[in-house]
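Have the viewer open before reading on.

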Amino acid sequence: MPPVPYECPHCGYEIATYSEGLEALESGARCLLCGSQLQEEALARMVDSWSEADLFQEGQDRAEAEAELEDDEDLCEGIPDFGDEGEEVEDPML
């Protein structure tokens, strides 16, 4: 089970994943949302308390989410439709 999320005391943003915790530590123990200073020791303890099983699960979840995004991107790609059809025809109301 993943550790309890670290909550920013200023904005309430929860650093809930290993990736977020590591990113916050690498940025000088700063909140990812508001940029305020966080307690580096508490954040480091939260990051260090992740088990290998939890890390693998987070990686699997992220891979599945990225696969879903790729499917959505494939649907969005194609010939762009800007709604230009029929614009050459003058509007009889004008």
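Q: Is Ser49 buried, partly exposed or exposed?
A: In this predicted model, Ser49 sits in the loop between α2 and α3. Its relative accessibility is 41%. Buried needs under 20% and exposed needs over 50%, so Ser49 counts as partly exposed.

Q: What is the C-alpha to C-alpha distance between Gln57 and Pro2?
A: Gln57 lies in helix α3. At a relative accessible area of 39%, Gln57 is partly exposed. Gln57 and Pro2 are 55 residues apart in sequence. In space, the C-alpha to C-alpha distance is 9.6 Å.

Q: In what order do the elements of the protein run from the N terminus on?
A: The protein has three helices and two strands. From the N terminus on, the order is β-β-α-α-α.

Q: Where in the protein is confidence highest, and where is it lowest?
A: The mean pLDDT of the protein is 84. A value of 70 or more is reached by 74% of its residues. Where pLDDT is low, the predicted coordinates should not be read in detail. Confidence is highest in strand β2 (residues 14-15), at 94, and lowest in helix α3 (residues 52-76), at a mean of 83.

Q: At what angle do the axes of α1 and α2 cross, and with which hand?
A: Two packed helices are described by the angle between their axes and the distance between the axes. Here the axes of α1 and α2 come within 9 Å. They cross at roughly 145°, and the crossing is left-handed.

Q: How do the residues of the contact of α1 with α2 divide into nonpolar, polar and charged?
A: On the α1 side are Tyr18, Gly21, Leu22, Ala24 and Leu25. They meet Glu40, Leu43, Ala44, Met46 and Val47 in α2. The division is eight nonpolar, one polar and one charged.

Q: Which residues does Gly21 contact, leaving aside its neighbours within four places in sequence?
A: Gly21 is placed in helix α1. With a relative accessible area of 0%, under the 20% cut-off, Gly21 is buried. Its contacts are Ile15, Leu43, Met46 and Val47.

Q: How far apart are the C-alpha atoms of Gly21 and Arg45?
A: Gly21 lies in helix α1. Along the chain, Gly21 and Arg45 are 24 residues apart. The C-alpha separation is 9.9 Å.

Q: What is the phi of Ala29?
A: Ala29 is found in the loop between α1 (18-26) and α2 (40-48). At 0% relative accessibility, Ala29 counts as buried. Ala29 is not a glycine, yet its phi is positive, at about 60°.

Q: Which residues does Ser36 touch, not counting residues up to four places away in sequence?
A: Ser36 has its place in the loop between α1 and α2. Ser36 is buried, because its relative accessible area is 13% and the cut-off is under 20%. The residues touched are Cys8, His10, Ala29, Arg30 and Cys31.

Q: How many disulfides does a search of the whole structure find?
A: A disulfide is a covalent bond between the sulfur atoms of two cysteines. Cys11 is partly exposed, at 36% relative accessibility. The closest cysteine sulfur to that of Cys11 is in Cys31, 3.7 Å away and too far for a bond. Across the whole structure, the number of disulfides is zero.

Q: What share of the contacts in the protein with a separation of 6 or more joins residues 24 or more positions apart?
A: The protein has 94 residues, and 18% of them count as buried. Among the contacts with a separation of 6 or more, residues 24 or more positions apart account for 45%.

How values were computed
Residues are numbered from 1 along each chain as its sequence is written. This is a predicted model: local features need pLDDT of at least 70, side-chain atom pairs count only at pLDDT 80 or more; totals for chains, interfaces and linings use all residues. Side-chain values use heavy atoms; hydrogens and water are left out. Helices (H or I, at least four residues) and strands (E, at least two) are DSSP runs, numbered from the N terminus. Buried means under 20% relative accessible area, exposed over 50%, partly exposed in between (1.4 Å probe, protein chains only). pLDDT is the predictor's confidence in each residue, from 0 to 100. Axes are lines fitted to C-alpha atoms, for helices over the stretch in contact, and angles run from 0 to 180 degrees between N-to-C directions. A crossing is left-handed if the near helix is turned anticlockwise from the far one by less than a right angle, and right-handed if clockwise. Contact means heavy atoms within 4.5 Å. Ala, Val, Leu, Ile, Met, Phe, Trp, Tyr, Cys and Pro count as nonpolar, Asp, Glu, Lys and Arg as charged, and the others, Gly among them, as polar. A disulfide is a pair of cysteine sulfur atoms within 2.5 Å.
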